[in-house]
Amino acid sequence: SAAAARFAEHWGELKRVLWLFGLLLASSFVSGLVSRTDSSPWPSVVVTAVDAAIVLVAAGLSRRRLVFLFKVHAIGARRALELAASSLLFLVAMSGYFALLKNLGVPFSSATESFARAGWPAWTMIVTISVLPALFEELAFRGVIQSSLERIFNARDAWLIQAALFSVLHLSPLVFPSHFLMGLWFGHLRMRSRSIYPGMLVHGAWNAFVVLEELAG
């Protein structure tokens with residue numbers, strides 16, 4: 001029946017989301033455990049490579065449904081300027097939020113400390129901490145996951161769920177609120193631009209800001 005076919009389709013989409021998120025969550029959990037006993041940057045590099053492979057496989061299986069996200073759609077100069085300006089304001093707000101938490105004495109782990117201690121050059125930190133996570137997290141959450149969820153729920157619910165999953169992935173209650181908002185913003189950029197590229201750009205800019213701020217001391 002049509003109902004049974006629809007259920008089978010939805011179940012297939014849900015399994016795709018659960019498998020991808022489950023593997024990324026397991027990878028993040030293992031990374032956290034290893035980093036407690038190994039202070040070198042290699043665990044971070046290996047986890048980044050593993051996550052990239054997981055996301056590429058998932059995206060490859062969904063490639064026909066993701067093609068539209070890799071096109072540059074005409075959205076008009078006004079909307080493009082609005083998205084750029086609002087993204088800048090969002091990054092400033094996030095920076096202010098984390099600065100406030102630090103001033104309140106909230107402890108945060110350093111993303112660059114292990115690289116700096118090992119004497120790795122700055123470009124390795126930019127690539128590993130900024131560029132690659134921006135590319136593959138956007139492909140995973142605003143690409144595969146949000147697109148799959150949109151076939152099960154409505155666009156609003158898919159937007160909210162992917163942001164919640166994105167915040168949980170980072171395994172730190174301290175950043176759940178901020179990363180939920182980031183997930184919402186990156187998902188908003190995807191919906192407004194109908195492309196995955198703006199989210200990747202803003203995500204990468206935020207990561208790069210964190211890296212450069214830490215390197216500046």
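A residue is called buried here when its relative accessible area is under 20%. With that cut-off in mind, and remembering that this is a predicted model, begin by selecting Arg190, which is found in helix α8. Is Arg190 buried or exposed? Its relative accessibility is 5%, so Arg190 counts as buried. Now show the surroundings of Arg190: leaving aside its neighbours within four places in sequence, it is in contact with Phe68, Leu69, Arg142, Gln146, Ser147, Glu150 and Ser195.

Next, turn to the largest nonpolar core, in which, of 36 residues, Leu20, Leu24, Val55, Phe141, Ile145 and Met182 touch the most other members. Colour the elements that give two or more residues to this core, namely α1 (2–37), α2 (42–61), α4, α6 (122–150), α7 (155–169), α8 and α9; the largest share, 7 residues, comes from α6.

Finally, move to the second largest pocket, whose volume is about 240 Å³. Of the 14 residues that line this pocket, select Ile75, Leu83, Ser193, Tyr197 and Pro198, which are the closest to its centre. The elements that give two or more residues to the lining are α4 (77–103), α8 (176–193) and α9 (197–215). If you then colour the lining of the second largest pocket by residue class, you will find 10 nonpolar residues, 4 polar and no charged.

Key:
Residues are numbered from 1 along each chain as its sequence is written. This is a predicted model: local features need pLDDT of at least 70, side-chain atom pairs count only at pLDDT 80 or more; totals for chains, interfaces and linings use all residues. Side-chain values use heavy atoms; hydrogens and water are left out. On a 1 Å grid over the protein atoms alone, a cavity is a set of points where a 1.4 Å probe fits but cannot get out, and a pocket is an open set with protein on both sides within 12 Å along at least five of seven lines; lining residues have an atom within 4 Å of a point. Grid points are joined across faces, edges and corners, and a volume is the space filled by probe spheres set on the points. Helices (H or I, at least four residues) and strands (E, at least two) are DSSP runs, numbered from the N terminus. Ala, Val, Leu, Ile, Met, Phe, Trp, Tyr, Cys and Pro count as nonpolar, Asp, Glu, Lys and Arg as charged, and the others, Gly among them, as polar. A nonpolar core is a set of buried Ala, Val, Leu, Ile, Met, Phe, Trp, Tyr and Cys residues joined through side-chain atoms within 4.5 Å. Buried means under 20% relative accessible area, exposed over 50%, partly exposed in between (1.4 Å probe, protein chains only). Contact means heavy atoms within 4.5 Å.
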